[in-house]
Amino acid sequence: MSSTVTLPGLTLASTVPDGAPVVVGYDGSSLQGLPSKTAKKWEKAGDLAAAAAMVGAGAKLAETTVLPGPDGAVVLVGLGESPADLSPEQLRRAAGAGLRRAAKLGTTTVTLALPAGEAEQVQAIAEGALLASYSYTPITASPEKSALTAITVVASADAATASTAATVAEAVCVAREWVNIPANLLYPETFASAIKEHLRGTKADVEILDDTQLAKGGYGGLMAVGGGSDRKPRLVRASYAPRGAKAHLVLVGKGITFDSGGLDIKPPAGMYTMKCDMGGAAAVVAALGAIASLGLKIKVTAYACLAENMPSGSAYRPSDVLTMYGGTTVENVNTDAEGRLVMADGLARGTEDKPDVIIDVATLTGAAVVGLGESDFGVLGNDDELVDRILAAAESAGEGAWPLRIGEDADERLASSVADLKSGDNKSRGAGTQMAAAFLRRFVGDHTWGHLDIAPTAYNTGGPKDYTPEGGTGSGVRTLVKLAQSLAG
């Protein structure tokens with residue numbers, strides 16, 4: 001199994017090179033983003049704006065139209081009627097849609113000329129194009145290589161902007177790749193190995209605990225959830241500690257490589273996409289790799305809590321009492337609420353690293369999908385300032401996020417007569433996302449903590465759109481990198 005991701009090469013240029021298809025902004029009446037020299041050259045060859053109007057080219061954001069140009073195909077991508085007011089995320093979407101359309105022409109290179117005056121806008125265009133270039137390679141005896149090998153963004157920016165865009169896009173696509181790999185190939189042991197291989201060459205140290213070490217160390221959540229599978233659990237701890245770091249961020253990711261629901265088995269339709277239930281672990285590890293590659297001055301420790309949740313004679317049961325890492329006992333109410341159990345072990349262990357901030361990321365609850373749809377992930381925490389900071393990072397990164405509040409009655413609803421607490425409220429299904437977060441909150445003590453429930457956004461069951469592919473999305477990676485940048489100062 002390989003989880004290597006190879007994206008097209010990215011370069012910045014001040015002019016439009018000849019020969020390659022060009023993606024150009026369109027506002028309904030004129031072309032936007034071309035350098036003046038290129039615009040004059042094209043005007044002499046013909047009026048593309050008039051041709052666009054003649055064929056009914058649309059100006060709706062990310063709508064595309066292909067026209068013949070002076071040196072090859074031109075892909076017009078809609079910018080809306082106010083291109084001067086475009087946000088970085090709108091540019092990211094436009095670039096992704098334009099690149100995706102251009103790639104269908106069978107070209108090896110694509111040039112993007114979209115309006116961008118600031119480095120943040122240039123980075124967004126480059127990210128959108130690179131993210132749109134990703135697709136999962138089918139498992140076949142005759143694999144086909146992607147024809148696209150190079151992307152040029154026409155913009156005035158330094159090389160660092162392109163490098164940052166490439167690093168962030170690669171991290172997102174690595175997370176996507178891990179999510180997309182079938183669960184018979186990506187399971188706790190192989191995922192742990194893939195993580196170690198991915199971080200090789202960075203300044204991150206990697207430690208892997210196997211099931212024997214987990215049992216000896218008292219990781220009761222991981223051992224219970226992974227107990228029903230022949231593929232035993234793993235805990236991966238990756239640490240990046242640069243000189244001069246003034247803050248320590250701990251990240252904990254849910255890594256259920258396949259979730260059958262355990263003895264509380266899922267219906268077949270709900271099980272089909274459950275290879276994606278390790279999207280949180282993929283996000284935190286990929287983000288740490290990007291943070292290390294960017295050389296951010298912040299210490300980051302990531303925990304990937306890896307297990308496969310299967311039914312068998314050795315599977316854990318509803319009503320079992322489990323002893324989590326650190327000694328807290330939990331009355332389990334549902335084996336299909338397994339993610340919070342492995343995360344509790346990771347969070348409890350993560351607090352021993354004495355972080356300034358601890359964040360967990362998980363495809364945790366179906367309730368989040370019901371409540372938020374498929375555009376936003378939920379954000380909860382025990383500190384309003386941190387929640388606001390996460391939301392700001394998500395907005396800056398172009399990811400949808402929505403704040404949720406843990407109810408004042410949460411601890412009462414988690415009270416157990418046979419253990420320290422229950423893993424959920426088995427008497428009411430209300431506020432399921434908030435109750436899962438309330439459970440996790442019990443394992444962070446007085447540390448500043450935030451929780452990202454990415455169940456709504458981690459896996460796209462629809463077709464590709466803009467820069468988002470079908471399948472794994474890499475949700476949360478860009479937000480975590482932005483958050484690390486803000487904490488690094």
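Modeller: A salt bridge requires a side-chain nitrogen of Lys or Arg within 4 Å of a carboxyl oxygen of Asp or Glu. Please bear in mind that the model is predicted.

Colleague: What makes Arg478 and Glu89 a salt bridge?

Modeller: The N to O distance between the side chains of Arg478 and Glu89 is 3.7 Å. The cut-off is 4 Å, so a pair of Arg and Glu at that distance qualifies. Across the interface of domain 1 and domain 2, the rule finds 2 salt bridges. There are also 4 residue pairs in polar contact across this interface, both residues at pLDDT 80 or more.

Colleague: Which elements give two or more residues to the side of domain 1 that touches domain 2?

Modeller: They are α3 (88-103) and α4 (119-133). Helix α3 supplies the largest share, 6 residues. By class, the residues of that side comprise 6 nonpolar, 2 polar and 6 charged.

Colleague: How do you know which parts of the chain are domain 1 and domain 2?

Modeller: The domain assignment places domain 1 at 9-157 and domain 2 at 183-488. Their C-alpha centres are 37 Å apart.

Colleague: What is the basis for saying that residues of domain 1 are in contact with residues of domain 2?

Modeller: The criterion is heavy atoms within 4.5 Å. On that basis, 14 residues of domain 1 are in contact with 11 residues of domain 2. The area buried between the two domains is about 970 Å², with carbon and sulfur atoms giving 52%.

Colleague: How many salt bridges does the structure hold, and what qualifies Lys41 and Asp71 as one?

Modeller: The structure holds 18 salt bridges. For Lys41 and Asp71, the N to O distance is 3.3 Å, and the limit is 4 Å, so the pair of Lys and Asp meets the rule. This pair links distant parts of the chain, 30 residues apart: Lys41 belongs to helix α1 (residues 36-45), and Asp71 to the loop between β4 (64-68) and β5 (73-78).

Colleague: Why are β12 and β17 said to stand at the edges of their sheet?

Modeller: The open sheet has 3 strands in the order β12-β13-β17, with mixed pairing. Strands β12 (321-323) and β17 (421-422) each have a single partner strand, so one side of each lacks a neighbour in the sheet.

Notes:
Residues are numbered from 1 along each chain as its sequence is written. This is a predicted model: local features need pLDDT of at least 70, side-chain atom pairs count only at pLDDT 80 or more; totals for chains, interfaces and linings use all residues. Side-chain values use heavy atoms; hydrogens and water are left out. Domain bounds come from an automatic or database domain assignment. Buried area is the accessible area (1.4 Å probe) that two parts lose on being put together, summed over both. A polar contact is a pair of N or O atoms within 3.5 Å; within protein, one must be able to donate a hydrogen and the other to accept it, and residues adjacent in sequence count only if both atoms are side-chain atoms. Helices (H or I, at least four residues) and strands (E, at least two) are DSSP runs, numbered from the N terminus. Ala, Val, Leu, Ile, Met, Phe, Trp, Tyr, Cys and Pro count as nonpolar, Asp, Glu, Lys and Arg as charged, and the others, Gly among them, as polar. Two strands pair if DSSP finds at least two bridges between them.
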